Amino acid sequence: MTKPLAYAFVGLGRLGANLAACLLRGGFEVVVHDRNPEAVECLVALGATAASSPSDAAARAGNAITCLPSPKVSEAVLIGPEGLLAGLPKGGSWIEMSTNGRDEILRLADLAAEAGIYTLECPVTGGVHLAAEGRITALVGGDPALYQRHRAAIEAMCARSFLMGPIGSAAVIKVITNMLAFIHLVAAGEALMLAKMGGLDLAQAYHAIVASSGNSFVHETESQLVLNGSYDIGFTMDLALKDLGFALAMARDGGVPLDLAERVNAIFERGKAAYGGDAWSTMIVKLLEDATGTDLRAPGFPAKL
């Protein structure tokens with residue numbers, strides 16, 4: 001029986017820590033590194049091995065996975081003095097699970113190729129709560145043979161995976177899905193506020209929308225956190241604006257007018273100004289609550305998904 005591949009995992013934030021834990025549960029050897037020692041300790045307790053740097057982790061494992069907050073951070077982890085490329089052996093693989101724009105992942109993949117490293121982009125969609133359960137979805141871009149080589153690891157972390165095409169393809173669809181999610185979130189908040197102003201029981205209104213043609217994945221999930229009042233989706237205003245920026249840049253390059261995305265981006269800029277970039281993205285609905293002087297609370301909804 002073939003021994004499972006080993007992976008360095010760099011980036012143990014809310015999403016990355018859950019993905020790395022799924023790899024461990026799947027029987028893979030995982031070497032972890034993060035700037036947060038507590039995050040490393042949590043994964044070591046689950047069976048991971050700690051490394052002193054990205055290059056150390058990559059040298060020990062031979063393949064690397066990253067899940068990081070921005071292309072700038074991904075680049076620093078990849079090519080820094082103690083970056084992944086300094087540790088990965090030629091012929092090794094880098095799986096990038098961060099959200100990037102198409103131009104960014106193409107540029108970084110070229111840098112990796114110059115060092116003899118193969119790149120697979122693998123951003124995920126569905127939310128931190130699904131990542132914790134191994135039920136998140138992977139959007140993959142890269143060589144089909146490379147995808148097959150790492151498919152077992154991807155399937156240990158994700159319930160479904162879609163090979164979208166060559167490098168850059170997954171970045172395009174990930175930006176699209178995030179753009180839709182933010183549009184749906186603003187729309188769900190407006191719908192709930194109309195229900196409140198119409199005198200409806202908000203819990204019943206929530207369930208009626210779930211069973212209607214107006215339902216969305218975002219309403220089913222994030223509306224619950226609004227109704228609870230925690231807003232705790234594990235995703236920030238700054239990250240939402242980063243992803244909307246990718247979509248708007250892609251639209252400008254392609255000459256596509258995105259009226260809704262432009263409007264939603266402006267709303268999120270207002271949300272950041274009101275509550276800060278570290279506020280949960282779901283708090284965008286609080287702009288409506290504050291504007292109307294009312295809240296959207298209802299009993300029976302969870303503080304976290």
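Let me begin with the cavity search, which gives a count of one cavity of 30 Å³ or more. The model is a predicted one, in which local features need pLDDT of at least 70 and side-chain atom pairs count only at pLDDT 80 or more, while totals for chains, interfaces and linings use all residues. Residues are numbered from 1 along each chain as its sequence is written, and side-chain values use heavy atoms, with hydrogens and water left out.

As for the method, rolling a probe the size of a water molecule over the atoms shows where empty space is left. A cavity here is a set of points, on a 1 Å grid over the protein atoms alone, where a 1.4 Å probe fits but cannot get out, and lining residues have an atom within 4 Å of a point. Grid points are joined across faces, edges and corners, and the volume is the space filled by probe spheres set on the points.

How much space lies in the largest cavity? The value is about 30 Å³, and the lining consists of Glu96, Ser98, Asn100, Ile105, Glu121, Pro123 and Ala171. By class, that lining has three nonpolar, two polar and two charged residues, where Ala, Val, Leu, Ile, Met, Phe, Trp, Tyr, Cys and Pro count as nonpolar, Asp, Glu, Lys and Arg as charged, and the others, Gly among them, as polar.

One of those lining residues, Glu96, takes us to strand S5, residues 93–96; strands (E, at least two residues) and helices (H or I, at least four) are DSSP runs, numbered from the N terminus. Both faces of S5 are covered, with Ser93 and Ile95 on one side and Trp94 and Glu96 on the other, all of them buried, and buried means under 20% relative accessible area, with a 1.4 Å probe and protein chains only. In a regular strand the side chains alternate between the two faces of the sheet.

What does S5 pair with? Pairing requires that DSSP finds at least two bridges between two strands. Strand S4, residues 63–66, runs parallel to S5 and is joined to it by four bridges, with asparagine 63 opposite serine 93 and threonine 66 opposite glutamate 96. Between them the chain passes through helix H4, residues 71–79, in a right-handed β-α-β crossover, that is, with the strands pointing away from the viewer, the path from the first strand over the helix to the second runs clockwise. Strand S6, residues 118–121, is also parallel to S5 and joined to it by four bridges, and there serine 93 has tyrosine 118 as its bridge partner. S5, helix H5 (residues 102–114) and S6 make a right-handed β-α-β unit.

S4 itself has Asn63 and Ile65 pointing one way and Ala64 and Thr66 the other, and all are buried. Strand S1, residues 6–10, pairs with S4 in the parallel sense over three bridges, and phenylalanine 9 has isoleucine 65 as its bridge partner. S1 is also joined to strand S2 by five bridges, again parallel, with alanine 8 opposite valine 31. Because four of the five residues of S2 (residues 29–33) are buried, that strand is largely enclosed by the rest of the structure.

I will finish with some single residues. Glycine 87 lies in the loop between H4 and S5 and is buried, with a relative accessible area of 16%. Leaving aside neighbours within four places in sequence, glycine 87 is in contact, meaning heavy atoms within 4.5 Å, with Ser55, Ala58 and Ala59.

Serine 223, in helix H11 (residues 217–228), counts as buried because its relative accessibility is 3%. With the neighbours within four places in sequence set aside, serine 223 is in contact with Ala188, Leu192, Tyr206 and Val218.

Lastly, which residue has a positive phi although it is not a glycine? That is tyrosine 231, with a phi of about 60°, found in the loop between H11 and helix H12 (237–254) and counted as buried at 6% relative accessibility.

Key:
Buried means under 20% relative accessible area, exposed over 50%, partly exposed in between (1.4 Å probe, protein chains only). On a 1 Å grid over the protein atoms alone, a cavity is a set of points where a 1.4 Å probe fits but cannot get out, and a pocket is an open set with protein on both sides within 12 Å along at least five of seven lines; lining residues have an atom within 4 Å of a point.
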